Amino acid sequence: MTDHYDVIVIGSGAGGGTLTHALALTGKRILLLERGDFLPREPQNWDSTSVWVDLRYRNPGKWTDSDTGMEFTPKQHYYVGGNTKFYGAILFRFRERDFGSIQHVDGVSPAWPVDYADFEPWYTRAEHLYHVHGQHGADPDDPPTASDYRYPPLSHEPRIAQLETDLTKAGLHPFPLPVGLIYDESAPQFSPCIRCATCDGYPCLVNGKADAHVVCVEPALRYPNVTLRTRTRVTRLETDGTGRTVTRVVADRDGQAEEYSADLVVVSAGAINSAALLLASASDRHPGGLGNSSGVVGRHLMMHNNSSLIAFSKIPNPTKFAKTLGVNDFYSGDGDWPYPLGAMQMLGKSDAVLIGFDAPDAQDPAELARHAMDFWLTTEDLPLPENRVTLGRDGRIRLRYTPTNTEAHQRLIGKFKSLLSTMQCREDVLPGYSYLGGRLGISAVAHQNGTVRFGTDPATSALDLNCKMHELDNLYVVDSSFFCSSTAVNPTLTIIANALRVADHIAGRLGTATARVEVPAHA
Ligand SMILES: Cc1cc2nc3c(=O)[nH]c(=O)nc-3n(C[C@H](O)[C@H](O)[C@H](O)COP(=O)(O)OP(=O)(O)OC[C@H]3O[C@@H](n4cnc5c(N)ncnc54)[C@H](O)[C@@H]3O)c2cc1C
Ligand code: SF4
């Protein structure tokens, strides 16, 4: 079967779902191909044993660590909406200086080929589309903005408000985290979100999280020109004889081979799967992988240095929705050391099941959970060419990844520990392995990016500034693989903003304009 469309989008996560939504009102025939299915709505969505211990929704199969030869289950989820079904919805803009080159302890984070100002209009649209609640300027490190958040910051629950007071007294600048929830604090009775304790890392049972499925794919499917085909894994992209045009999208649907074609093809399968698909599409014209004469496809894999740390409040912490506070005072350094350290933010609160998982010897996990305060620390990692995605002989994904800037990350952890007394917490801290899906290591791919970088020079980048492959006329990549550096803030708002930017370009190429009128998430 070969069906022809104006645009085929591969992957329905932050990149592909957003781009599909932006193109829906153009009236062009759009086919969205997604290897996963709709995530089932069921009580287990909010059950920590199902989500963290039984790994009920983890479905990527096995990848291999190239260095050790060991197989592992990556922290990946294949569903309509992609990994945003599970994300914490913390939607940061990159810092303005993140777009320039920055000296780190282990090397230079390279400059992007565009400036923050080039991205700013799309950041605003992204924040509005994904219901981001926040307060620009409360974080002194915030980049400049032309428009305010459409939704006010979420209020802190009392223990987090106390934390804010204590950190402020200590001279720090805590700020309300930018978080994407469909929630109106002045009218909670009309809000899909109920501000529960099972958000970060869980799918939302009541569709209150601003994920790519809820805010983009579902609204886009109301347009007759948009078609979604689930359980359809794209296995190969084939070109015409010139090698310049993708003419066939080959997929596997429930074991049956299918073929599609489109004037334009957009890959957005996640940074690792997109690189793998391009490598799997090697041909006589593209022997090193599709669009990969430069050899960069699959290289410069970044994943962040992340730590999940559980502190224990001296006073009970009955907080339900904890992700309302961040601290960026050490983003660029601590004054004593000339290199950046990174960001701190609250994480979803551990319950007794998670504490039991992280501290199997604990005598009373429930009592520990009553005092738990969870934090997420992120340090930028660098784009090493040898950190890369390759394919084994069997076509399966292999990753090689050596962390960088680990000294900076240890210093950030040291800074965090030095604040425990200020934060009215005990002096001991528990590493939160469950959130990471196991020991911190190669399987922690949640923040993957950088494998098909964009740039102006085809010798050092695979994508041009519009995220079109230099070597092809009709192939784009819009997930986090276009990143040139990982920065130390969460990646997804930048993926969304870029997808909107590329959608504008594609709409222009199709002779139309994208929808500036935002389709509401709920009818
Ligand atoms: C627990 C968790 C918490 C997170 N919290 C945050 C957060 O608070 N803030 C933040 O910014 N980021 C967060 N992230 C990261 C965030 O989810 C990702 O940055 C984001 O989803 C990436 O978007 P993407 O479009 O690049 O890829 P994805 O969202 O992964 O989407 C890729 C899609 O492509 C599909 N696909 C893959 N291969 C194929 C194929 N061959 N054919 C067809 N379809 C394919 C996949 O099924 C998937 O639906 C978190 C991630 C996790 C797992
Ligand atoms: S906090 Fe809101 S968005 Fe998050 S899971 Fe609970 S109801 Fe859903």
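Q: What makes the 6 strands 8-15-16-17-14-20 an open sheet, and what is the sense of the pairing?
A: The 6 strands form an open sheet in that order, with antiparallel pairing. Strands are DSSP runs of E of at least two residues, helices are runs of H or I of at least four, and both are numbered from the N terminus. Strand 8 (175-176) and strand 20 (425-431) stand at the edges with a single partner strand each, so one side of each has no neighbour in the sheet. This is a predicted model: local features need pLDDT of at least 70, side-chain atom pairs count only at pLDDT 80 or more, and totals for chains, interfaces and linings use all residues. Residues are numbered from 1 along each chain as its sequence is written, while chains are lettered from A and ligands numbered from 1 in the order in which they are written.

Q: How do you know that strand 15 and strand 16 pair?
A: Two strands pair if DSSP finds at least two bridges between them. Strand 15 (residues 325-327) and strand 16 (residues 343-346) have 2 bridges, in the antiparallel sense. In strand 16, Q345 is the bridge partner of G326.

Q: Which strands does helix 9 touch as it packs on the sheet?
A: Helix 9 (residues 406-418) touches strand 14, strand 16, strand 17 (372-379) and strand 20. Contact requires C-beta atoms, placed from the backbone, within 7 Å.

Q: Why is the span of helix 9 called close to the expected one?
A: The expected span is 1.5 Å times one less than the number of residues. Helix 9 has 13 residues, and 18 Å is expected. Its first and last C-alpha are 18 Å apart.

Q: Why is R195 called partly exposed?
A: A residue is buried with 20 or more other C-beta atoms within 10 Å of its own, exposed with 12 or fewer, and partly exposed in between; C-beta atoms are placed from the backbone. R195 has 17, so R195 is partly exposed. R195 is found in the loop between strand 9 (179-180) and helix 5 (212-220).

Note on methods: Two residues are in contact if their C-beta atoms, placed from the backbone, lie within 7 Å. Axes are lines fitted to C-alpha atoms, for helices over the stretch in contact, and angles run from 0 to 180 degrees between N-to-C directions.
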